[in-house]
Every structure is written in structure tokens, then in C-alpha cells.
Amino acid sequence: MDRRSFLKSSSLVASGFALNSLFNQSVAQTNNAILPSKKHPLLLNFNENSLGMSPKAKDAIIQALPTAFRYPDDARAELLNNIAELYNLSDKHISIGNGSSETIQATVAMLANKAKQRGINIQLVTPDPTFNYAELYSLPLGVKITKIPLKADLSFDLEKMEQAASNFDGLSVVYICNPNNPTAMVTPYSQLEKWLGTQSDNVFFIVDEAYAEFVEDPSFISAIEFVKKGQENLVVTRTFSKIFALAGLRVGYGVAAPNTISAIDEFLSIDNTNTAGAVAAIASLKDKTFIAHSLKSNNISRKIVEKALTEIGLEYAPSQANFIFHKVNGDVKTYKQRMADANVMVGREFPPVVGWNRLTLGTPEEMEQFVIVLKQFHEKGWA
Ligand SMILES: Cc1ncc(COP(=O)(O)O)c(C=O)c1O
């Protein structure tokens with residue numbers, strides 16, 4: 001179940017679970033009381049950053065509140081400039097989204113419209129499993145979905161993806177999530193370089209780098225390099241929801257050639273950036289201490305979980321993000337339900353890869369709690 005389906009789930013909404021528990025969780029963290037309980041479950045299911053945002057981001061929001069009755073143009077323009085500066089690009093290379101989800105949505109809509117105007121077919125070529133918003137936004141637009149299963153080692157089958165694009169009569173939108181959600185694995189630049197670096201009228205790449213700031217593996221190089229070289233058939237999406245911990249404020253962005261950005265922008269909601277989100281994002285970009293803290297905390301959390309998984313003999317994929325994909329002994333749905341009964345909300349299975357579960361890395365303290373429960377499960381033969 002993705003986040004959208006999860007929130008629509010009538011039983012959860014009827015029990016008031018979703019919103020109340022999210023609210024209570026933040027209260028619980030403020031009081032440093034993070035033992036999992038019914039009232040304060042461990043939320044390790046949606047790849048959020050449970051450190052909470054940078055104190056400087058909070059201050060920036062408070063400072064901006066008295067002028068938040070105005071439209072957000074100034075804050076939005078400043079954010080645009082700051083992101084452009086980060087990559088040594090112009091603000092014409094940047095499109096701000098209401099979360100990177102909106103950038104993905106607008107890109108898909110722009111391309112579907114382009115195919116319609118040209119009178120040609122359009123398909124989305126997407127690995128399976130991967131983050132499914134490109135697919136969800138494609139479906140209502142009548143875009144054909146072509147799913148290419150991951151290889152046995154959980155890496156992308158780039159050859160088959162490329163074949164699917166070259167065999168298609170029309171425009172292929174290729175979605176590449178790097179690192180991939182749910183595996184947290186990186187696809188090395190050396191493997192992407194040849195295909196992604198090729199300008200073509202029939203192929204457009206959406207490279208989703210939502211977790212890039214967590215990556216330390218040197219084989220990863222951002223696809224923003226292709227934008228810098230002037231390539232027009234791709235957009236790279238980034239977000240403030242992950243390392244910057246601003247998921248609830250909805251700020252993300254796309255980086256692409258100016259022509260591509262102006263085409264995407266036509267499909268965005270006008271005034272899509274709220275003032276609080278913009279000023280928090282500006283402050284977060286500048287707060288290098290917080291960024292380093294967020295990265296370090298995630299690395300510690302990952303080590304805690306990897307150690308426990310190794311001790312109980314559960315295989316895991318090499319994570320370069322704020323979540324980890326690991327094997328479960330037995331049925332994943334049962335494991336997930338038992339974890340929920342123990343007030344630990346873990347991710348889920350991602351068919352067609354079965355027997356594996358995605359676990360979000362919370363704070364180190366939260367992961368110590370998770371490990372206690374995991375080890376109890378192992379003793380009972382549940383994990
Ligand atoms: C790979 C990936 N891309 C994009 C998003 C959405 O991010 P945003 O909050 O910026 O819309 C997520 C959210 O979990 C994600 O995992």
C-alpha cells in the first residue's frame with residue numbers, strides 16, 4: 001500500500017489512527033519518550049526523517065509568519081535562486097514543486113500533452129518495484145505502463161528498459177529512481193552514463209534523486225551532470241522531505257534545461273509553494289551543521305539495524321538512503337501485522353520482490369527500540 005492508499009484506508013481513518021498518531025508521535029519525541037506504545041508507535045514506514053527539521057528552519061518559519069498573509073512570491077524567488085546557486089546553474093534551470101511529487105506529476109502531464117499534440121503514442125518505462133508516483137500520475141492520462149522487473153541482485157535491468165524504449169513506436173518516459181525506493185540501492189553513474197547521456201526526441205528521463213543527499217557511495221554521480229552539459233530530455237527531481245526533514249511542508253524541485261523547465265512549469269499549480277515551506281527550505285540549505293547531523297544520524301541508525309540483521313541472519317540490500325530493504329523469515333504481511341501489534345509500523349513488501357520488507361531508518365534511539373522488538377520476534381521464530 002502506498003501513502004495515498006494508506007491515507008484513504010477507511011478503517012485507519014475511521015479509528016482516527018493516522019492523524020492522531022502522527023500528532024502524538026511528534027509530542028512523544030519532544031518529550032524524548034519514544035518507547036513504542038499504542039499512543040506513540042514507532043513510525044518506520046514512510047521514509048520520513050524523524051529527527052525533525054533544523055532549528056534554523058523552525059526559526060525561519062516563526063519569523064515569516066507575520067507576513068504570511070502575503071503571497072509567497074519573494075520567498076519562492078529566493079529559494080529558486082538558492083537552489084540554482086547550489087548547482088552553479090541559473091534559476092531558469094530550476095522548477096519548484098509542492099513536493100517533488102508535483103514535479104513528477106507536472107512532467108508526466110507535460111509529456112502526455114506533448115505526445116497528444118504530436119499525435120504519437122506514449123509509454124512509461126519503469127523498473128518494478130520502484131517508487132510508483134510516475135506510474136500513478138501516468139495512469140489517468142492514458143499513458144501505457146511498461147514495467148521491467150529488477151534483476152535477481154535487485155539492480156535495474158537497464159538493458160531491458162532500453163530495449164523497451166527502443167522497440168516502442170512513440171515517446172518513452174523512463175523513470176529512474178536513484179537510489180531506488182524500496183531497495184535503497186544506488187545505480188552507478190558508469191551504468192547510466194551512456195543511455196541517460198543521449199539526447200533523443202523519443203526518450204525522456206525522469207531521474208528521481210529524492211535520497212541523493214544520503215549517498216556516500218562514490219559510484220553515484222547526480223544526473224544533474226547531464227543538465228549541466230545542456231541535455232534537454234531529462235529532469236532530475238530532488239526534495240526537502242528527506243535529509244532536510246520537511247516532508248509536511250511540501251517542497252521539492254526539478255533540475256533541467258531551461259526549455260524543459262518552462263515546459264514543466266506550465267503544468268504546475270500557480271503559487272504552489274507555501275511561505276513556511278520556502279523559508280524553511282532556504283534556512284535548511286544554509287544549515288550545513290544540520291545536514292551533517294542528519295547524515296550522521298542516519299548512518300548510525302543504519303549500522304544499528306545492519307548489525308542486528310547480521311546477528312539474526314537476515315539478508316539486506318546495500319542501503320544508501322534513509323531506509324533499508326531486508327529479508328524476512330516467512331510471510332511479510334504477517335510480519336508487518338505482528339510489528340504493528342507491537343506498535344512498530346514498518347514498511348511493506350514490494351511485489352514482485354517477495355520475502356523482503358522496507359524499513360525506514362528513524363533516529364538511532366528509535367532503531368535501538370526496533371532492534372529489541374526484532375530480536376524478540378527472532379526468538380519467537382517470527383523474523
Ligand atoms: C523516490 C521518491 N521520490 C519522491 C518522493 C516524494 O517526495 P516529496 O515529499 O518531495 O513529494 C518520495 C517519497 O517518499 C520518494 O520515495
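Is Asn88 buried or exposed, judged by the other C-beta atoms within 10 Å? In this predicted model, Asn88 is exposed, because 9 other C-beta atoms lie within 10 Å, and 12 or fewer count as exposed.

Most residues other than glycine have a negative phi. Asn88, although not a glycine, has a positive phi of about 60°, and its place is in the loop between helix H5 (73–86) and strand E2 (94–97).

Asp271 is another residue other than glycine with a positive phi, here near 55°. Asp271 lies in the loop that runs between helix H11 (258–265) and helix H12 (275–286), and it counts as exposed because it has 11 C-beta neighbours inside 10 Å.

Most peptide bonds are trans. A cis peptide bond, however, joins Asn178 and Pro179, with omega about -5°, and the peptide bond from Asn181 to Pro182 is also cis, with omega near 25°. Pro179 lies in the loop between strand E5 (170–177) and helix H9 (189–196), and Pro182 is likewise placed in the loop between E5 and H9.

Tyr211 is found in the loop between strand E6 (203–208) and helix H10 (224–228). Tyr211 is buried, because 27 other C-beta atoms lie within 10 Å, and 20 or more count as buried.

When residues up to four places away in sequence are not counted, Tyr211 touches Pro179, Lys242, Ala321 and Asn322; Pro179 is the proline of the cis bond with Asn178. Tyr211 and Asn178 themselves are 33 residues apart in sequence, while their C-alpha atoms are 7.4 Å apart in space.

The protein chain is divided into domain 1 (3–54 + 288–379) and domain 2 (56–286), and the C-alpha centres of domain 1 and domain 2 lie 25 Å apart. Across the boundary, 26 residues of domain 1 are in contact with 30 residues of domain 2. On the side of domain 1 that touches domain 2, H13 and strand E9 (323–327) each supply at least two residues, and H13 gives the most, with 5 residues. By class, that side of domain 1 has 14 nonpolar, 10 polar and 2 charged residues.

## The largest nonpolar core

The largest nonpolar core has 104 residues, and those with the most contacts inside it are Val173, Leu234, Leu246, Val279 and Ala280. This core draws at least three residues from each of domain 1 and domain 2.

## Packing of H13 against H15

Two packed helices are described by the angle between their axes and the distance between the axes. Helix H13 (residues 288–311) and helix H15 (residues 364–379) pack at an angle of about 10°, and their axes are 9 Å apart. H13 is therefore roughly parallel to H15, because angles under 35 degrees count as roughly parallel.

On the H13 side, Ser297, Ile300, Ser301, Ile304, Val305 and Ala308 take part, and these meet Pro364, Met367, Glu368, Val371, Leu374 and Lys375 in H15. By class, the contact of H13 with H15 has 8 nonpolar, 2 polar and 2 charged residues.

Key. Residues are numbered from 1 along each chain as its sequence is written. This is a predicted model: local features need pLDDT of at least 70, side-chain atom pairs count only at pLDDT 80 or more; totals for chains, interfaces and linings use all residues. Helices (H or I, at least four residues) and strands (E, at least two) are DSSP runs, numbered from the N terminus. Axes are lines fitted to C-alpha atoms, for helices over the stretch in contact, and angles run from 0 to 180 degrees between N-to-C directions. Angles under 35 degrees count as roughly parallel, over 145 as roughly antiparallel, 65 to 115 as roughly perpendicular and the rest as oblique. Two residues are in contact if their C-beta atoms, placed from the backbone, lie within 7 Å. Ala, Val, Leu, Ile, Met, Phe, Trp, Tyr, Cys and Pro count as nonpolar, Asp, Glu, Lys and Arg as charged, and the others, Gly among them, as polar. A nonpolar core is a set of buried Ala, Val, Leu, Ile, Met, Phe, Trp, Tyr and Cys residues joined through C-beta atoms within 7 Å. Domain bounds come from an automatic or database domain assignment.
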